[in-house]
Amino acid sequence: FPQVTIVYAIIEGFVGLAEARGGEAAQTILNEIVDRLDAVAETQGIEKIKTIGDAYMCAGGIPKPNDSNPLDAVKAAKEMIDFIQDWRSDKQARGEEAWELRIGIHTGKVVAGVVGEDKFAYDIWGDAVNTAARMESSGESMRINISGDTYEFVKNVLNCEYRGKILAK
């Protein structure tokens, strides 16, 4: 796929809570968050790819290619951040620990397909996936960090804040 926009999110605080409160409590809260992230992705026409522990990945422009996927992906990410902010407020009002979200987005070329025979999964590969992960890891909590490539697609529609060049592997 020549143009796919990957949304790579990390749920910050998950690992610490899982260790402190036990796996079952953490899984219940994680499931609540992932269900909502899935709903947001679906609403924006974004395909959920997978969760890996505290990581959540979805992508626009697959399996049906479209030209709107960079904007769709950024809108989905914004809605995800908005949800987490509301969720955090509710948790904190009850005196409970609340997690944060950090999101990286990149638009580029990927290979996609189904892997496995017993527990098959639709997955994507390529430098674009790695770049989205680098955008996430160099981002800030409760913020969306987009690559220059994604910016070129959304700059005339969305208000973005330039952070300067960020060193990414």
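In this predicted model, one aromatic cluster is formed by F14, W87 and W99. The whole structure holds two aromatic pairs. In one of them, the ring centres of F14 and W99 are 5.4 Å apart and the planes stand at 90°, so the arrangement is edge-to-face. This pair joins distant parts of the chain, with F14 in helix α1 and W99 in the loop between α3 and β4, 85 residues apart. F14 and W99 are both buried. W87 and W99 make a tilted pair, with 6.0 Å from centre to centre and 50° between the planes. Because W87 belongs to helix α3 and W99 to the loop between α3 and β4, the pair ties together parts twelve residues apart in sequence. The relative accessible area of W87 is 5%, so W87 is buried; W99, at 1% relative accessibility, also counts as buried.

**Nonpolar cores**

W99 is also among the residues with the most contacts inside the largest nonpolar core, together with I33, Y56, M80, L101 and I103. This core has 32 residues. At least two residues of the core come from each of β1 (4–12), α1 (14–21), α2 (23–43), β3 (55–60), α3 (69–93) and β4 (100–108). The most is given by α3, which supplies nine residues. For M80, leaving aside neighbours within four places in sequence, the contacts are L37, V40, A41, Y56, C58, L101 and I103. In soluble globular proteins, nonpolar side chains tend to be buried together.

**Surface**

Some nonpolar side chains are found on the surface: V111, V115 and W125 form a patch there, with about 250 Å² of accessible area together. V111 lies in strand β5 (residues 111–115). Its relative accessibility is 54%, so V111 counts as exposed. E24, in helix α2, is exposed as well, with a relative accessible area of 67%. Between E24 and G13 there are 15 Å in space, C-alpha to C-alpha, and eleven residues in sequence.

**Salt bridges**

The count of salt bridges comes to 13. The table gives some of them.

| Side chains | N to O distance |
|---|---|
| D123 and K50 | 3.0 Å |
| K91 and E96 | 3.2 Å |
| R163 and E140 | 3.8 Å |

The bridge between D123 and K50 links distant parts of the chain: D123 is in strand β6 (residues 121–125) and K50 in strand β2 (residues 47–52), 73 residues apart. D123 is buried, with a relative accessible area of 12%, whereas K50 is partly exposed at 27% relative accessibility.

In the bridge between K91 and E96, K91 counts as buried at 7% relative accessibility.

R163 and E140 meet in a salt bridge at 3.8 Å, N to O. R163 is in the segment after α5 (148–154) and E140 in the loop between α4 (127–137) and β7 (144–146), so this pair ties together parts 23 residues apart in sequence. R163 is partly exposed, with 36% relative accessibility, and E140 is partly exposed, with 40%. Through salt bridges that share partners, E140, R143, E161 and R163 are joined into one network.

Terms used: Residues are numbered from 1 along each chain as its sequence is written. This is a predicted model: local features need pLDDT of at least 70, side-chain atom pairs count only at pLDDT 80 or more; totals for chains, interfaces and linings use all residues. Side-chain values use heavy atoms; hydrogens and water are left out. A nonpolar core is a set of buried Ala, Val, Leu, Ile, Met, Phe, Trp, Tyr and Cys residues joined through side-chain atoms within 4.5 Å. Buried means under 20% relative accessible area, exposed over 50%, partly exposed in between (1.4 Å probe, protein chains only). Helices (H or I, at least four residues) and strands (E, at least two) are DSSP runs, numbered from the N terminus. Contact means heavy atoms within 4.5 Å. Patches are made of residues with over 30% relative accessible area and no salt bridge: like charges are joined within 9 Å, nonpolar side chains (Val, Leu, Ile, Met, Phe, Trp, Tyr) within 5 Å. Accessible areas come from the Shrake-Rupley method with a 1.4 Å probe; for residues, only the protein chains shown count as cover. A salt bridge is a side-chain nitrogen of Lys or Arg within 4 Å of a carboxyl oxygen of Asp or Glu. Rings of Phe, Tyr and Trp (its six-membered ring) pair if their centres lie within 6.5 Å; planes under 30 degrees apart count as stacked, over 60 as edge-to-face and the rest as tilted.
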